[in-house]
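Here is a short briefing for a first look at this structure. Keep the model open as you read.

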Amino acid sequence: MANNDDDYYIKKTLEGDHASFSFLVEKYQNMVFTLAIKMLKHREESEEVSQDTFIKAYKSLSKFHGESKFSTWLYRIAYNTCLDRIKKNSKYNSNVEMNDVTANQIFQAENVFDSLENKERSEIIQKCMNKLPEDERGLIHLFYFEELSLKEIVDVTSLTEGNVKVKLFRVRKKLFTIFKESVEPEIYSSYEQ
């Protein structure tokens, strides 16, 4: 049903009813802004990127042929616009050293996350994610929070599926390292076996 609504408003916009595009903006503005804020961590930058995303989408709407969902196509524009902004403003880049982390340690960290209260878990995850570079935050956000499939992420990022899998694994390793260093040692050690 939602996709039919999108198709209807896309068609109306392409036929010259420019006000119809406002339906799509209203429907997807939170989605685009959320991705931007996760990647950029700056409200003003995120607002500008969101606006730029919709301007680009409007100007390119005739290039949308429905091969993917409209939301996936829009995510791709937003993601690329964020990456462009990151490259332009390299002062926001941050890097985290990745220590040797095993799959077993990642599994242990996930068990710790699962046992925490939802609010506490959410706060810890957000704090840890904020320490990741912007492009990696965006990838994690798309996969875990927006629950896009690997194919949809491939469509959004223009990466290969294998590359997405590798990047997600590496980012999970970084998150584990950040988690282990950020969470009070007694909390973490009480869950280790």
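A search of the whole structure turns up zero disulfides. The model is predicted. Its protein chain holds ten helices and zero strands.

**Cysteines**
- Cys-82 is buried, and its relative accessible area is 0%.
- Cys-128 is buried too, at 1% relative accessibility.

**Overall build**
- Read from the N terminus, the elements run α-α-α-α-α-α-α-α-α-α.
- The protein chain has 193 residues, and 41% of them are buried.
- The exposed surface comes to about 11,100 Å². Carbon and sulfur atoms supply 49% of that area.
- Take the contacts between residues at least 6 apart in sequence: 68% of them join residues at least 24 apart.

**Confidence**
- The mean pLDDT of the protein chain is 78. A value of 70 or more is reached by 75% of the residues.
- Which elements mark the lowest and highest mean pLDDT? Helix α10, residues 185–191, has the lowest, at 49. Helix α3 has the highest, at 92.
- Residues 91–103 have pLDDT below 50. Beyond near neighbours in sequence, this stretch still has 24 contacts in the model.

**The nonpolar core**
- In soluble globular proteins, nonpolar side chains tend to be buried together.
- The largest nonpolar core here has 43 residues. Phe-70, Leu-74 and Leu-142 touch the most other members.
- Seven helices each supply at least two residues of this core: α2 (21–40), α3 (43–60), α4 (70–88), α6 (118–129), α7 (134–145), α8 (150–157) and α9 (161–182).
- Helix α4 gives the largest share of the core, with ten residues.

**Phe-70 and its surroundings**
- Is Phe-70 buried or exposed? Phe-70 is buried, because its relative accessible area is 1% and the cut-off for buried is under 20%.
- Leave out residues up to four places away in sequence, and Phe-70 touches Asp-6, Ile-10, Leu-24, Tyr-28, Leu-61 and Phe-64.
- Phe-70 is also part of an aromatic cluster, in which ring pairs link Tyr-28, Phe-64, Phe-70 and Trp-73.

**Aromatic pairs**
- How many aromatic pairs does the structure hold? There are seven.
- Tyr-9 lies in helix α1 (residues 2–14) and Phe-23 in helix α2. The pair therefore ties together parts that are 14 residues apart in sequence.
- Tyr-9 is partly exposed, with a relative accessible area of 24%. Phe-23 is partly exposed as well, at 26%.
- Phe-70 and Trp-73 form a tilted pair, with 5.6 Å from centre to centre and 40° between the planes.
- Both Phe-70 and Trp-73 lie in helix α4. They sit three residues apart, about one turn of the helix.
- Trp-73 counts as buried, at 15% relative accessibility.

**Positive phi in two loops**
- Lys-41 is not a glycine, yet its phi is positive, at about 65°. Lys-41 sits in the loop between α2 and α3.
- Lys-41 is partly exposed, at 34% relative accessibility.
- Glu-147 is not a glycine either, and it has a positive phi of about 55°. Its place is the loop between α7 and α8.
- Is Glu-147 buried or exposed? Glu-147 is exposed, because its relative accessibility of 65% is over the 50% cut-off.

**Arg-170 and Glu-136**
- Arg-170 is part of helix α9. Arg-170 is partly exposed, with a relative accessible area of 49%.
- Along the chain, Arg-170 and Glu-136 are 34 residues apart. Their C-alpha atoms are separated by 9.3 Å.

Notes
Residues are numbered from 1 along each chain as its sequence is written. This is a predicted model: local features need pLDDT of at least 70, side-chain atom pairs count only at pLDDT 80 or more; totals for chains, interfaces and linings use all residues. Side-chain values use heavy atoms; hydrogens and water are left out. Helices (H or I, at least four residues) and strands (E, at least two) are DSSP runs, numbered from the N terminus. Buried means under 20% relative accessible area, exposed over 50%, partly exposed in between (1.4 Å probe, protein chains only). Contact means heavy atoms within 4.5 Å. Accessible areas come from the Shrake-Rupley method with a 1.4 Å probe; for residues, only the protein chains shown count as cover. A nonpolar core is a set of buried Ala, Val, Leu, Ile, Met, Phe, Trp, Tyr and Cys residues joined through side-chain atoms within 4.5 Å. pLDDT is the predictor's confidence in each residue, from 0 to 100. A disulfide is a pair of cysteine sulfur atoms within 2.5 Å. Rings of Phe, Tyr and Trp (its six-membered ring) pair if their centres lie within 6.5 Å; planes under 30 degrees apart count as stacked, over 60 as edge-to-face and the rest as tilted.
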